[in-house]
Amino acid sequence: MMSNDLNIFLIFLSAMIVNNILLIRFIALCSFFGISNSIKTSIGMGVAVIFVMIMATAVSWPVYHFILVPLNLVYLRTAAFILTIATFVQLEEMFIRRVFPPLYRAMGIYLPLIVVNCAVLAAAFLCIDYKFDFGRSIVYAIGVSSGYFVAIVMFAAIREVVDHAPVPTLFRGHPIAFITASLMSLAFLGFKGLFGL
Amino acid sequence: MSQDDTNSLLKQLTKGLVKENPILVIMLGLCAALACSTSATDALGMGVAFSFVMVCSNIVVAVIRKLVPSQVRIPVYITVISTFVTIVDYTLKAYFPTLSQSLGVFVPLIVVNCTVMARAEAFSSKNTIVASLMDGIGMGIGFTLIITIIGAIREVIGAGTLFGRQLMPIQYQPFIILILPPGAFLVLGFLMALHRKIMTTFYKPQT
């Protein structure tokens, strides 16, 4: 489906829109429904995911190709990736708190939560599965995380309106949120086939 | 074992089915539930894989709960969980290559399935081995049940088959939308509403 000879721009678009990680691939949905109560928090989460995902991919790619593959330890990749990412998020949290306090305030408690956000781990795995080289992996991570940002902010915006709509009692809250997500997913499905992706 | 203990163990086992269902109520582990439910077979496979990880990691966490200092418990739990996930991943690859292919990246992603982590943290790190075992089995069954229901609904309406067998008459025009991504959200949304209906009818109404 995707390979190294693919144009970088196409990788980005495909990751961001055509294969949107939340709405088409169903990764990281827990945070999608848990955190999208208001636009403000979802922007914080989106920014945090963009930041962490790029960094995590930049770390896990070398770990896989320079440590696990030469040592024949590929079967340890699940454990290795998650521990690398968890350690890294900790370091990053300390670093951001020191260097960019405003950004830290914007991300707030979401930064530690990202450790268990499947999207970050999934991006790291998918880069390996697609056999991307380092540069393409980074572009892919940027695409995936921007897709996450776009989808969660749009979803939060819609939910704020839906909260004030006369929804049948049985559907109030989460059920209607899922149906909203279904319609958004339908809209994103419309991009399928764009640029032959 | 006294009557009381047996009762509470039974409660640990059954609470995962309806009252504390991991998908419908706790709303964790949604990624796998939605992505791996395009057909009943995939859904069942995912459910079994998940239950295995859930039960095993619950037991191990309960066994080591007194040995692990609380500051480093999260990395320890993650390591335990990822060990079992790796076992499942490689077993599926060896014995069920087609299933492993269609579940794809979602098998290694069980490691970040928040349900497993949440139960390890919230339940088995504080309870006995037997209670954790029951909790794991209950959660596993609850998850498997719901994901299989979603898978079956999507497969029957979206493809006209169930577990790969033709169920609908040949003339039936499948609603392909249900096996596409939007269908997953739609089915889960309606299941949640149904679950709420059941809860308000058969259990005490929520205040």
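Helices are DSSP runs (H or I, at least four residues), numbered from the N terminus. The model is predicted: local features need pLDDT of at least 70, side-chain atom pairs count only at pLDDT 80 or more, and totals for chains, interfaces and linings use all residues. Residues are numbered from 1 along each chain as its sequence is written, and chains are lettered from A in the order in which they are written.

Helix α7(A) has 12 residues. From first C-alpha to last it reaches 16 Å, close to the 16 Å expected at 1.5 Å a residue (1.5 Å times one less than the number of residues). Of its 12 residues, 11 are buried (20 or more other C-beta atoms within 10 Å of the residue's own, with C-beta atoms placed from the backbone). Among them are A:Cys118, A:Phe125 and A:Ile128. The buried residues pack against α3, α4 and α8 of chain A, together with α2 of chain B. Just after α7(A), A:Lys131 takes a positive phi of about 60°.

Between the chains, 33 residues of chain A are in contact with 33 residues of chain B (C-beta atoms, placed from the backbone, within 7 Å). The largest share of the chain A side, 9 residues, comes from α9(A). That side divides into 27 nonpolar, 4 polar and 2 charged residues.

The axes of α4(A) and α4(B) come within 9 Å and cross at roughly 155° (lines fitted to C-alpha atoms over the stretch in contact, with angles from 0 to 180 degrees between N-to-C directions). The helices are therefore roughly antiparallel (over 145 degrees). A:Ile82 and A:Leu83 are among the residues of α4(A) that make the contact.

Key
Contact = placed C-beta atoms within 7 Å. Helix = DSSP H or I, 4+ residues; strand = E, 2+ residues; numbered from the N terminus. Nonpolar A, V, L, I, M, F, W, Y, C, P; charged D, E, K, R; others polar. Parallel < 35°, antiparallel > 145°, perpendicular 65-115°, else oblique.
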